[in-house]
Amino acid sequence: MTVLSKLTWWLRKMMPIQTKIAPAMTSRDTSPLDGMNLLLADLDGVVYTGALAIPHAVESITRAAEQMRVGYITNNASRTPHSVAEQLMQLGLTVTVEEVVTSPQAAVRLLAGMVPAESVILVVGGEGLTSEVEKAGFVVTRSADDSPAAVIQGFAPDVDWKQLAEASFALHAGIPWVATNTDWTIPVARGVAPGNGTLVSAVHTAVGRLPVVAGKPEVAIFEEAFARFGTSHALFIGDRLDTDIMGANRAGIQSALVLTGIDRAKQVLAADKHSRPTFIIDDLRQLHEPYPETREAVDPVTGHRLIQVGEAVVRMAGNVVTIEKAGDRFIDVLRAGSAAIWGSGLAIYGLEVDPGLYADA
Ligand SMILES: [Mg+2]
């Protein structure tokens, strides 16, 4: 093919696509919950922040529960499913204890595949963890002198050096080590504090190896949920790309990132290919609303990619990302910008990005 015929072919190929960019929302636009049988939700940053419900979360989840099963997935190992369910009930949700899946439950499921039934297990952590270890028929110890068959480690506010030292002494014998999760931070009422990842890291420094991890973004916690609720047509909603969305991707289910918690536009635009959500929403009402399709065309004159979501259009010119048309919903601009950047195959640090694309903070 000559250069000229290649160009003609390319223009013909691209022109019809260009004409497809037009209607902002069509009847084909379905909502994120259309066709779903199961809604799985992260808690902090999705359902509540501290003691307060996030606006529209309770009503939107209640409405979803009329049409499908709902489950709650939390990496927080310090609380029992019972206390989590109670808190959710106080916020106005209808929840059973079985609908709450915690990282200790997933960790104990992993443990059961590693050591004989009724083994002695050294526990680093609080009641959220000891209760699950005992429920599974294991014997809890706090001392390496009891020759434990494994160590299980989760966050609790009173985990101290002595507990970390006992874990290290026990692990030097080469026994299995399971961590509920490795979140580096934990949001608490007074701010952000060191999470279980930092405590696991302290033990790792002493023993020179890493644990098997149960919580998001690992799949064990999703497998625990699937064992209870089934797997088909599940949507997971979370507020963190590196745990929630990456975990859902690894578990092979669809995901929605809601911008009411940790990650905002800037993080979305920079998301690597392992932590890109299926849907991006402002708040949980949008689970029930039409989700405009992402349309892409090539400018026949410049060859630039044009990405449209709703009324918003973003232009990708080489490594320059600009807002062509803002429309009236920031979420559409963000979605168009994300599609432009993610589809470019270029790394975020090599791009010139219009600040309007991350003006949500
Ligand atoms: Mg969260």
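This is a predicted model: local features need pLDDT of at least 70, side-chain atom pairs count only at pLDDT 80 or more; totals for chains, interfaces and linings use all residues.

Q: How many of the 10 residues of H8 are buried?
A: Helix H8 spans residues 220-229 and is mostly covered. The buried ones are Ala220, Ile221, Phe222, Glu224, Ala225, Phe226 and Phe229.

Q: What covers the buried residues of H8?
A: The cover comes from strands as well as helices. On the strand side it includes E1 (38-41), E4 (69-74) and E5 (100-102). On the helix side it includes H4 (103-112) and H9 (241-251).

Q: Where H4 meets H8, how many residues of the contact are nonpolar, polar and charged?
A: From H4 come Ser103, Gln105, Ala106, Arg109 and Leu110, and they meet Ala220, Ile221 and Glu224 in H8. Sorted by kind, the residues of this contact come to 4 nonpolar, 2 polar and 2 charged.

Q: What is the angle between H6 and H7, and what does that make them to each other?
A: H6 covers residues 161-171 and H7 covers residues 196-207, with their axes 9 Å apart. They pack at an angle of about 40°, and the crossing of H6 past H7 is right-handed. The two helices are therefore oblique to each other.

Q: How many residues in the contact of H6 with H7 are charged?
A: H6 brings Leu164, Ala167, Ser168 and Leu171, while H7 brings Leu199, Ala202, Val203, Ala206 and Val207. Of the residues in this contact, 8 are nonpolar and 1 is polar. As for charged ones, there are no charged residues.

Q: Which residue of E11 stands opposite Ile186?
A: Strand E10 (residues 185-188) and strand E11 (residues 191-194) run antiparallel and are joined by 4 bridges. They form a hairpin with 2 residues between them. In E11, the residue opposite Ile186 is Ala193.

Q: Which strands are the edges of the open sheet of 5 strands?
A: The order in this sheet is E16-E17-E18-E19-E20, with mixed pairing. An edge strand here pairs on one side only. The edges are E16 (294-298) and E20 (352-353).

Q: What is the bridge partner of Thr294 in E17?
A: E16 is joined to E17 (residues 305-309) by 5 bridges, and the two run antiparallel. For Thr294, the bridge partner in E17 is Val309.

Q: Which helix lies across E16, E17, E18 and E19?
A: The helix in question is made of residues 330-344. It runs at about 25° to E18 (312-317). Its name is H11.

Q: What share of the protein's 361 residues count as buried?
A: Stepping back, the protein has 11 helices and 20 strands. Its C-alpha atoms fill a box of roughly 80 × 45 × 40 Å along the principal axes. The share of its 361 residues that count as buried is 43%.

Key
Residues are numbered from 1 along each chain as its sequence is written. Two strands pair if DSSP finds at least two bridges between them. Axes are lines fitted to C-alpha atoms, for helices over the stretch in contact, and angles run from 0 to 180 degrees between N-to-C directions. Angles under 35 degrees count as roughly parallel, over 145 as roughly antiparallel, 65 to 115 as roughly perpendicular and the rest as oblique. A crossing is left-handed if the near helix is turned anticlockwise from the far one by less than a right angle, and right-handed if clockwise. Two residues are in contact if their C-beta atoms, placed from the backbone, lie within 7 Å. Ala, Val, Leu, Ile, Met, Phe, Trp, Tyr, Cys and Pro count as nonpolar, Asp, Glu, Lys and Arg as charged, and the others, Gly among them, as polar. A residue is buried if 20 or more other C-beta atoms lie within 10 Å of its own, exposed if 12 or fewer, and partly exposed in between; C-beta atoms are placed from the backbone.
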